[in-house]
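Hi,

Here is the structure I promised to pass on. Have a look at it first, and my notes on what turned up follow below.

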Amino acid sequence: MDSIHIYGGNLLKGETRVQGSKNAVLPILAATLLIRGTCVIKNCPRIADVYHMQNLLQELGCMVHWAGSTVTVDAAQVNDNRMSGESVTRMRSSIMLLGAMLGRMGEAVMSYPGGCVIGKRPIDIHLLALRNMGVEITEEDQMFTARALHLQGTQLSLPFPSVGATENVLLAAVLAEGTTVLENAAKEPEIEALCGFLAMAGADISGTGSSRLVIRGVKELHEVKYTVPADRIVAGTYLTAAMAAGGSIFLEQAPAGHLAALFKAVKEMGGSITINKEGIGIDILHRLKSLPYLKTEVYDGFPTDLQSPMMAVMALAEGQSVIEENIFENRFRVVGDLGKMGADIETVKNKAYIRGVEKLSGCTVEAEELRGGAALVVAGLAAEGRTVIKNRHFIERGYENICRDLRDLGADISIG
Ligand code: EPZ
């Protein structure tokens, strides 16, 4: 069965290691297309979205091999510039390959990635930026062709600091003619990771970590050996698991530097966080107080990807709270299933109004997307009785082995 079974009510205790970052490694795998040689990517999470990116790279002619959590990508021979509609629509992040294909081959033919349950997820900002770099885009049916015989450096400011659009500009600009100055760039840690990878390959990028990136085009990039940083959203998810179920856990190799907004919320709710060079500890020794107001923002505000897991925590906290979702237009999908478990949550437009309850009751619920599915796991750990979460495959898109990791932390959880 494609499900997860949880017997809730255990306090969490113990430690587990945090996997490599999904949202860092996907654009980095796309970037290997820019290198006419072999790249070695260590600490690569074994998740569905990475396997899908592997298939896309292989469709384009790359050779991809796994050894444990190390992926080797040989992009010396790239012999295609088309990605099939099915491939692209199966995973939105395939749009990352657009910038890389333009940088490598000067042309890309692909379908619009389309939306998903959390939002329409257009790519207008991506296309605006690439047109600024001399890319011609023609559309036919659901496919479009992007062509630029010579990518030109440019000066542009993004209308919104889109993570994906920032990544596509970086991937197109590193081998372009001239200099690209990108204002209002996204500042998420995954952008920093991509800049780090590209710099290791010989790219000339300044402003890393800021909203103003300057990329001076170079002639070519060289092979890289790279280690993927830990996944801040997976780490944050496991911290919300402890917040909901109670207990004391330690996350090894967790990116403490990227979770300040969550730490602030933990402390305000009555939990305590300890940080050392090995990772992050959290102690939840009593029922948390609710946070009156929480809004999602671009980095370094509270991350939208932890909004649903945090909602599961707030459903059990003492008092009332409001969550305002400002990044995606439809990211309250999990509210219905949390309600089935006994949560008291109402939504009006982009706000969720939560009245904390003393307990949740296990039942059968259905994941509809990745982070909503993770929120149901968090709720199931705290709920009384058995929770069965259907559609485990949504959760496996981003969590390498959430059952293994949470069992390390004392949870009674298994795949069904
Ligand atoms: C990345 O998505 C992440 N995905 C998302 O994580 C994350 O939630 C998001 O950044 C925000 O941090 C990956 O890195 C693979 P955006 P991305 O472009 O690049 C709108 C997860 O759960 N927009 O910053 O798609 C868009 O519709 C996933 O791991 C446009 O309008 O995020 C959205 O409302 C979910 N036009 C907002 O901007 C565009 O051209 C943020 O999108 C591009 C984006």
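The largest pocket has a volume of about 1,300 Å³. A pocket here is found on a 1 Å grid over the protein atoms alone: an open set of points where a 1.4 Å probe fits, with protein on both sides within 12 Å along at least five of seven lines. Grid points are joined across faces, edges and corners, and the volume is the space filled by probe spheres set on the points. Bear in mind that this is a predicted model, where local features need pLDDT of at least 70 and side-chain atom pairs count only at pLDDT 80 or more, while totals for chains, interfaces and linings use all residues. Residues are numbered from 1 along each chain as its sequence is written, and side-chain values use heavy atoms, with hydrogens and water left out.

So what lines the largest pocket? There are 50 lining residues (those with an atom within 4 Å of a point), and Arg92, Ile118, Arg121, Asp305 and Phe328 lie nearest the centre. Two or more residues each come from helices H1 (22–31), H3 (85–90), H5 (124–132), H6 (163–173), H8 (232–245) and H12 (370–382). H1 gives the most, with four residues. Helices (H or I, at least four residues) and strands (E, at least two) are DSSP runs numbered from the N terminus. By class, the lining has 22 nonpolar, nine polar and 19 charged residues. Ala, Val, Leu, Ile, Met, Phe, Trp, Tyr, Cys and Pro count as nonpolar, Asp, Glu, Lys and Arg as charged, and the others, Gly among them, as polar.

Arg121 sits in the loop between E6 and H5, and its phi is near 55°, a positive value in a residue other than glycine. Most residues other than glycine have a negative phi, and most peptide bonds are trans. Asp300 belongs to the loop between strand E17 (293–295) and helix H10 (307–314).

The second largest pocket holds about 320 Å³ of space. It is lined by 20 residues, with Ala244, Ala245, Gly246, Leu316 and Ala382 closest to its centre. Here H8 gives the most to the lining, with three residues. The classes come out as twelve nonpolar, four polar and four charged.

Now the sheets. Four strands make an open sheet in the order E4-E5-E3-E13, with mixed pairing; two strands pair if DSSP finds at least two bridges between them. Strands E4 (63–67) and E13 (225–227) are at the edges with a single partner strand each, so one side of each has no neighbour in the sheet. The twist averages 15° from one strand to the next.

E3 runs antiparallel to E5 (residues 70–74), joined by four bridges, but parallel to E13, joined by three. Val40 has Thr72 as its bridge partner in E5 and Lys225 as its bridge partner in E13. Ile41 stands opposite Val71 in E5. Helix H1 lies across E3, E5 and E13, at about 170° to E3, and helix H2 (residues 48–59) lies across E4 and E5, at about 145° to E4. Axes are lines fitted to C-alpha atoms, for helices over the stretch in contact (heavy atoms within 4.5 Å), and angles run from 0 to 180 degrees between N-to-C directions.

Another open sheet has three strands in the order E6-E8-E7, with antiparallel pairing. E6 (107–111) and E7 (136–140) stand at the edges, each with a single partner strand, so one side of each is left without a neighbour. Five bridges join E7 to E8 (residues 143–147), and Thr138 has Thr145 as its bridge partner in E8. Helix H4 (residues 96–105) lies across E6 and E8, at about 155° to E6.

Finally, a helix pair. The axes of H6 and H7 (residues 189–200) come within 10 Å and cross at roughly 10°. H6 and H7 are therefore roughly parallel, a label for angles under 35 degrees. Their contact includes Val163 and Leu170 of H6 and Ile191 and Leu198 of H7, and by class it has seven nonpolar, one polar and two charged residues.

Cheers

Note on methods: Parallel < 35°, antiparallel > 145°, perpendicular 65-115°, else oblique.
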